[in-house]
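The following report describes selected features of one protein chain.

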Amino acid sequence: MPAKELGGLPSFTAKRPPSHLVIPALAKALSNDITYELPDNYMRGAGDTYFPGKMLAKLGRIIVIAQELRDLAKTPESDIPDKSTSGGDNLAKIIRKCKEVKLPTDEEMQNAVARLRSAVEVWLNGTATAPFTYDNTWGGLVNCGCLFNGEGCDNIFPNCPSYQDPGLNFGNGFYNDHHFHYGYHIYAAAIVAQFDNDWGRRYFEHVLLYIRDIANPSINDVYFPVFRQKDW
């Protein structure tokens, strides 16, 4: 089968901006959403990997949307298209509406990225209350599991209930839904790296472990199977 062009480099920016009619509603929602905070136990890595992953992705998506509107609002007057340009009138309306509404400030954006960075990093740097472990039998990244008591985990490594209980953390220890769980974490980490390049370089190999677990393309990788979550 011949190789196909995938459409260029991936981007967090939508192929087309939102309609100027919805920008006021988006701006109003962002004024609240940009301060979104994950529960304290998830910031400590105490819990499952699925629900905090969804929350990480949610905060990341809020940041991406806010930045897209902020970038539109920063468009210089000289670069705003006119009616003679194809689609120019519509884009001009979008840009001017972004300039009119109140969008998250630099400080609010920096604080949101900092919260997301901390929430992503705790799972990567080995300090999570429910840490990730390597399964020598099947070659995979498995979370230790958390017997949650309402505030934290009753168990500590090496007491890892995920290896024995298929019902814990949606069967993470039995390789169920890793592409769901880790996909959220990968997405959130990519957004942090977009705003903090140094962090992205520092944690590149850590994030790659998620990818190697669910979508490893290399037959030479002796630690993870090839494309665990994909039956070609």
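## Disulfide bonds

Cys 144 and Cys 160 are joined by a disulfide with an S to S distance of 2.2 Å, a disulfide being a pair of cysteine sulfur atoms within 2.5 Å. The torsion about the S-S bond of Cys 144 and Cys 160 is about -100 degrees, so this disulfide is left-handed. The pair links distant parts of the chain, 16 residues apart, with both Cys 144 and Cys 160 in the loop between strand S2 (140-143) and helix H6 (178-195). Helices (H or I, at least four residues) and strands (E, at least two) are DSSP runs numbered from the N terminus. Both Cys 144 and Cys 160 are buried; buried means under 20% relative accessible area, exposed over 50%, and partly exposed in between (1.4 Å probe, protein chains only).

A disulfide is also formed by Cys 146 and Cys 153, whose sulfur atoms are 2.1 Å apart. The link of Cys 146 and Cys 153 is left-handed, with -110 degrees about the S-S bond. Cys 146 is buried at 9% relative accessibility, and Cys 153 is buried with a relative accessible area of 14%. By the distance rule, the count comes to two disulfides. With bonded cysteines counted along the chain, the disulfides of the protein follow the pattern 1-4, 2-3. Cys 98 is buried as well, at 1% relative accessibility.

## Basis of the model

This is a predicted model, in which local features need pLDDT of at least 70 and side-chain atom pairs count only at pLDDT 80 or more, while totals for chains, interfaces and linings use all residues. Residues are numbered from 1 along each chain as its sequence is written, and side-chain values use heavy atoms, with hydrogens and water left out.

His 20 is found in the segment before helix H1 (23-33). With a relative accessible area of 19%, His 20 is classed as buried. Not counting residues up to four places away in sequence, His 20 touches Asn 90, Lys 93, Ile 94 and Lys 97, where contact means heavy atoms within 4.5 Å.

Asn 41 belongs to helix H2 (residues 40-43) and is buried at 14% relative accessibility. Its contacts, leaving aside neighbours within four places in sequence, are with Ala 46, Phe 148 and Glu 151.

## The segment after helix H8

Val 222 lies in the segment after helix H8 (204-215) and counts as exposed, at 69% relative accessibility. Together with Tyr 134 and Tyr 223, Val 222 makes a nonpolar surface patch of about 340 Å². Patches are made of residues with over 30% relative accessible area and no salt bridge; like charges are joined within 9 Å, and nonpolar side chains (Val, Leu, Ile, Met, Phe, Trp, Tyr) within 5 Å. A salt bridge is a side-chain nitrogen of Lys or Arg within 4 Å of a carboxyl oxygen of Asp or Glu. Accessible areas come from the Shrake-Rupley method with a 1.4 Å probe, and for residues only the protein chains shown count as cover.

Phe 224 also lies in the segment after H8, but Phe 224 is buried, at 5% relative accessibility. Not counting residues up to four places away in sequence, Phe 224 touches Tyr 134, Gly 139, Gly 140, Leu 141, Leu 209, Arg 212, Asp 213 and Asn 216. The C-alpha atoms of Phe 224 and Asn 125 are separated by 20 Å, and the two residues are 99 residues apart along the chain.
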